Amino acid sequence: MLPCMYASTTVEDVAAEGVSFFMQLYFSADRRHMESVLRRAESAGARALCLTVDHAGMPTRLRELRRPLVIPPEVEFVHLDPDPVRRGIDRSLTWDVIEWIRGVSSLPIVLKGLLHPEDGRIASELGVDAVVVSNHGGRQLDAAVSSYDVLGRFLDVVGDEMEVYADGGIRSGNDLVKVLALGAKAGLIGRPVWWGLASGGEAGVRRVIELITTEFEEVMRLCGAASVDEIDGDILFNEPPS
């Protein structure tokens, strides 16, 4: 699980449920507050820090202009700086933040939101532990390339030097098999979980996970893969058949 900086449930409460999790981070310019968040995550038992790097400000989202997202007044963002003035995303973020994080926390660092393989190379040279190839679900720049189109190029660049995950557009077990066949270590699933939560609460989330798991196992079986380790590019058509 990736508890978010914008969550309304504390990372400590998430940890108390026995959940294995990475702490997702949006970096603000207030380094003192960010240090407290990192230390809280590590103390709570986070397995890694997942820094989202493709959110240098909020773009114009036409869908949300037509139907604005309204946060209920009773919802509190429990990980954000208590001072609203200092809550904004740090738009001046550079690669130097990796060294700063290393000075605060011993947890592995995952960078989420990379699309250019050259960024993967730089991340590897800086000792980043993993990257998430992601276009933020198309919500930041709707003309951005998809994760699927660049995943193979990322793996060509970073090889076995770090783990590579995929995010964006995974809606089924079939999609999950595809990203693993393309070489990703894992796939991140976002919106289906929220849809399940919105439609059926806890039971809805459980049902979504059950459906994806069942589809995943069915596709593996039909592709002749007896284990996850047997999912590779041989089950995909990389070029149209003649």
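Modeller: Beyond its neighbours within four places in sequence, Ser172 is in contact (heavy atoms within 4.5 Å) with Ile212 and Glu215. This is a predicted model, in which local features need pLDDT of at least 70 and side-chain atom pairs count only at pLDDT 80 or more, while totals for chains, interfaces and linings use all residues. Residues are numbered from 1 along each chain as its sequence is written, and side-chain values use heavy atoms, with hydrogens and water left out.

Colleague: Where is Ser172 placed, and is Ser172 buried or exposed?

Modeller: Buried means under 20% relative accessible area, exposed over 50%, and partly exposed in between, with a 1.4 Å probe and protein chains only. Ser172 lies in the loop between β5 and α7. Its relative accessibility is 17%, so Ser172 counts as buried. Helices (H or I, at least four residues) and strands (E, at least two) are DSSP runs, numbered from the N terminus.

Colleague: Which backbone nitrogen does a side-chain oxygen of Ser172 reach at the start of α7?

Modeller: A polar contact is a pair of N or O atoms within 3.5 Å; within protein, one must be able to donate a hydrogen and the other to accept it, and residues adjacent in sequence count only if both atoms are side-chain atoms. Here a side-chain oxygen of Ser172 comes to within 3.3 Å of the backbone nitrogen of Asn174. A polar atom of the Ser172 side chain also lies 3.2 Å from the backbone nitrogen of Asp175.

Colleague: Why is α7 described as largely enclosed by the rest of the structure?

Modeller: Seven of the nine residues of α7 (residues 173-181) are buried, so the helix is largely enclosed. Among the buried residues are Leu176, Val177 and Leu180. Their cover includes α6 (147-158), β5 (163-167), β6 (186-188) and α8 (191-223). Just after α7, Gly183 has a positive phi of about 115°.

Colleague: How do α7 and α8 pack?

Modeller: Two packed helices are described by the angle between their axes and the distance between the axes. Axes are lines fitted to C-alpha atoms, for helices over the stretch in contact, and angles run from 0 to 180 degrees between N-to-C directions. For α7 and α8 the angle is about 55°, with the axes 7 Å apart. That makes α7 oblique to α8, as angles under 35 degrees count as roughly parallel, over 145 as roughly antiparallel, 65 to 115 as roughly perpendicular and the rest as oblique.

Colleague: Which residues meet in α7 and α8?

Modeller: Gly173, Asn174, Leu176, Val177 and Leu180 of α7 meet Ile212, Glu215, Phe216, Val219 and Met220 of α8.
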